[in-house]
Amino acid sequence: MAQIFSRAADTWFRVAMLVTLGGLIGVFIVALLLERSDYQTGRGWVVRQPVPFSHQHHAGALRIDCRYCHAGVEDSPRAGFPPTHTCMSCHSQLWTQADMLAPVRRSLEENRPLRWNRVVALPDYVYFQHDVHVRSGVGCVSCHGQVERMPLLHKAEPLSMSFCLDCHRDPAPRLRPPEAVTDMDWHTDEDRRQLGERLMRERHIDPARLTSCGVCHR
């Protein structure tokens, strides 16, 4: 009986299967790396704004408190964007004719708000409240990074599910006294874990209740 396949056919078949399997594994690894990359999470990327606002100048050099512009951060789920009159409380006296501030002046004249673009935008299926985190003692820097060093604001952390869960499972090292929440340069000589655990007891923070799906997905 004539042989249909050559003697090398079995070897070539095995090689083809190994190459296919290796290719599938490679695709999976690339997809996994891409999903966690800064390109996908947006970490480190600057978002174009109607005005090139410098946190380095305002929050860093001038030491303007976060709450002056983000007024809702302590009592609202959203931190909020500063309305035009907040900007003009200073710029009606300073840099009044600067070209880069023309959109701000036009916004005031036309009584139309500036359309700031979100740098940190969580998915619609994520339920997040700024006020709860601020009142619990989570510093702005924990999620937003050292904004006082950013000439143009960028996303400092991936804010992925694993990032949030790491904090919810062990919040103690990230907690600070309420008066230090917006202080970017805050430090303490007290052990951070001991301080955090004390603050957790005072504020009745129970990590066992922070990892339920319903906390962030409602």
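**Close-up 1. Arg63 in the loop between helix H3 (55-61) and H4.** In this predicted model, phi of Arg63 sits near 55°, a positive value in a residue that isn't glycine. Most residues other than glycine have a negative phi. Arg63 is also exposed, with a relative accessible area of 57%.

**Close-up 2. The largest nonpolar core, ten residues in all.** Cys66 and Met184 turn up here again, together with Val73, Ala79, Val134, Cys140, Val141, Val147, Met150 and Val181. Setting aside neighbours within four places in sequence, Val181 is in contact with Val134, Gly137, Val138, Gly139, Cys140 and Arg176. There's also a second, separate core of nine residues, with Ala180, Trp186, Leu195 and Leu199 among them. In soluble globular proteins, nonpolar side chains tend to be buried together.

**Close-up 3. Helix H5 (residues 84-91) and what covers it.** Thr84, Thr86, Cys87 and Met88 are the buried residues to look for in H5. Their cover includes helix H4 (66-69) and helix H6 (102-110).

**Close-up 4. Asn111, in the loop between H6 and helix H7 (130-136).** At 70% relative accessibility, Asn111 counts as exposed.

Notes: Residues numbered from 1 in each chain as written. Predicted model: local features only at pLDDT ≥ 70, side-chain atom pairs only at ≥ 80, totals over all residues. Heavy atoms only, no water. Buried < 20%, exposed > 50% of the residue type's maximum accessible area, 1.4 Å probe, protein only. Helix = DSSP H or I, 4+ residues; strand = E, 2+ residues; numbered from the N terminus. Contact = heavy atoms within 4.5 Å. Core = buried A, V, L, I, M, F, W, Y, C linked by side-chain atoms within 4.5 Å.
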